[in-house]
Amino acid sequence: MLRARSITKSFGNLTVLKGVDLEVKTAEIVSIVGSSGAGKSTLLHILGTLDRPDGGEIFFGTTRVDRLRTKALAHFRNRHIGFVFQFHHLLPEFSALENVCIPGWLAGKRKKEVEGRALELLGTLGLSDRTDSKPHTLSGGEQQRVAVARALINQPAVVFADEPTGNLDSVHARELHALFLQLRDQFRQTFVIVTHNEELAQMSDRIVHMKDGVVLS
Ligand SMILES: Nc1ncnc2c1ncn2[C@@H]1O[C@H](COP(=O)(O)OP(=O)(O)OP(=O)(O)O)[C@@H](O)[C@H]1O
């Protein structure tokens, strides 16, 4: 599904990634753990095509994404990659349903089709009765679940999550992780997660340890 080889990245004099290799299979949940500054978020952003590596190669299936031009890359990202961040960045003036639909509309899919899938996803995530709610009227856990539904709307090959439970209490954090497992089983959804939460990392299929810009295991 996802194959990254010899990924390097520097910011000025600081070499943050020193030749990272990583393979992720379909329907696998991989957690990336490691101390602060190890390069986890940098790697996630590069794998998620939000940033480009200095060297190395990244394949999604047979598509080499690090060579795509900016416009083609944006198109690829919107169609095939989902993101969940610690702060979910929901658009405050739009309802939960609209927030979920927007990436689908941007991808040029039919309005009704997108809405149908959004309603199905929100139902799966236990939010059927909150579809018309604005983000500020939802709890932190509910907002994060809306963000997960939004990440899934275009049926992405991979969802990248950077500290997705960082602003949730332990009950909601556990619920969110259980949801990732459910989505893996139900839709064969693949996840790559950066987390400091040891308990959640243990629930993944595989833990990848990073230290000083390299993957240890
Ligand atoms: N855009 C940038 N410009 C300059 N330096 C950066 C940039 N992004 C990250 N860095 C530096 O790269 C190093 C790795 O950062 P990164 O966020 O990838 O680490 P991390 O393992 O995710 O850390 P944390 O667990 O604290 O989030 C840090 O020293 C950081 O300051």
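This is a predicted model: local features need pLDDT of at least 70, side-chain atom pairs count only at pLDDT 80 or more; totals for chains, interfaces and linings use all residues.
I call a residue buried if 20 or more other C-beta atoms lie within 10 Å of its own, exposed if 12 or fewer do, and partly exposed in between, with the C-beta atoms placed from the backbone. I number residues from 1 along each chain as its sequence is written.

**Entry 1: Lys211**

I looked up Lys211 and found that this residue counts as partly exposed because it has 13 C-beta neighbours inside 10 Å. Lys211 sits in strand β9, residues 206-211; here I take helices (H or I, at least four residues) and strands (E, at least two) as DSSP runs numbered from the N terminus. Leaving aside residues up to four places away in sequence, I list Gly34, Ser35, Ala38 and Leu216 as the residues that Lys211 touches, a contact being two C-beta atoms, placed from the backbone, within 7 Å. I also noted that Lys211 and Gly39 are 172 residues apart along the chain, while their C-alpha atoms are separated by 7.6 Å.

**Entry 2: the ligand shell**

Which residues surround the ligand? I wrote down Phe11, Leu14, Val16, Gly34, Ser36, Gly37, Ala38, Gly39, Lys40, Ser41 and Thr42, where being near means having a C-beta atom, placed from the backbone, within 6 Å of the molecule. Both β2 (14-24) and α1 (40-47) supply at least two residues of this shell, and α1 gives the most, with three. Sorted by class, the shell has four nonpolar, six polar and one charged residues; I count Ala, Val, Leu, Ile, Met, Phe, Trp, Tyr, Cys and Pro as nonpolar, Asp, Glu, Lys and Arg as charged, and the others, Gly among them, as polar.

**Entry 3: helix α5**

I checked the length of helix α5, residues 140-152, and its 13 residues should span 18 Å at 1.5 Å a residue, which agrees with the 19 Å between its end C-alpha atoms; the expected span is 1.5 Å times one less than the number of residues. Is α5 mostly covered or mostly open? It is mostly covered, since I find that ten of its 13 residues are buried, among them Gln143, Arg145, Val148 and Leu152. I see that the cover over the buried residues of α5 includes β6 (81-85), α3 (96-106), α4 (111-124), β7 (158-162) and α6 (170-187).

**Entry 4: two positive phi angles**

I keep in mind that most residues other than glycine have a negative phi. Ala27 is not a glycine, yet I read a positive phi of about 65° for it, and I place Ala27 in the loop between β2 and β3 (29-34). Ala27 is partly exposed, with 15 other C-beta atoms within 10 Å. Gln155, also not a glycine, has a positive phi near 50° and is found in the loop between α5 and β7. I count Gln155 as exposed, because 12 other C-beta atoms lie within 10 Å.

**Entry 5: Phe60**

Is Phe60 buried or exposed? I find Phe60 buried, because 20 other C-beta atoms lie within 10 Å. Phe60 lies in strand β4, residues 55-60, and, not counting residues up to four places away in sequence, it touches Leu2, Val65, His80 and Ala157. From Phe60 to Arg77 I read 11 Å, C-alpha to C-alpha, for 17 residues in sequence.

**Entry 6: the whole chain**

I list seven helices and ten strands in the protein. Its radius of gyration is 17 Å, close to the 17 Å that the globule rule gives for 217 residues, so the protein is as compact as a globular protein of that length; the radius is taken over C-alpha atoms, and the rule is 2.2 Å times the number of residues to the power 0.38. Of the 217 residues, 41% are buried. Among contacts between residues at least 6 apart in sequence, 70% join residues at least 24 apart. I noted that an unreviewed UniProt entry lists residues 2-216 as "domain: ABC transporter", and over those residues the chain is 37% helix and 27% strand.

Notes
UniProt positions are given in the numbering used here, feature names are shortened, and annotations may be inferred rather than shown by experiment.
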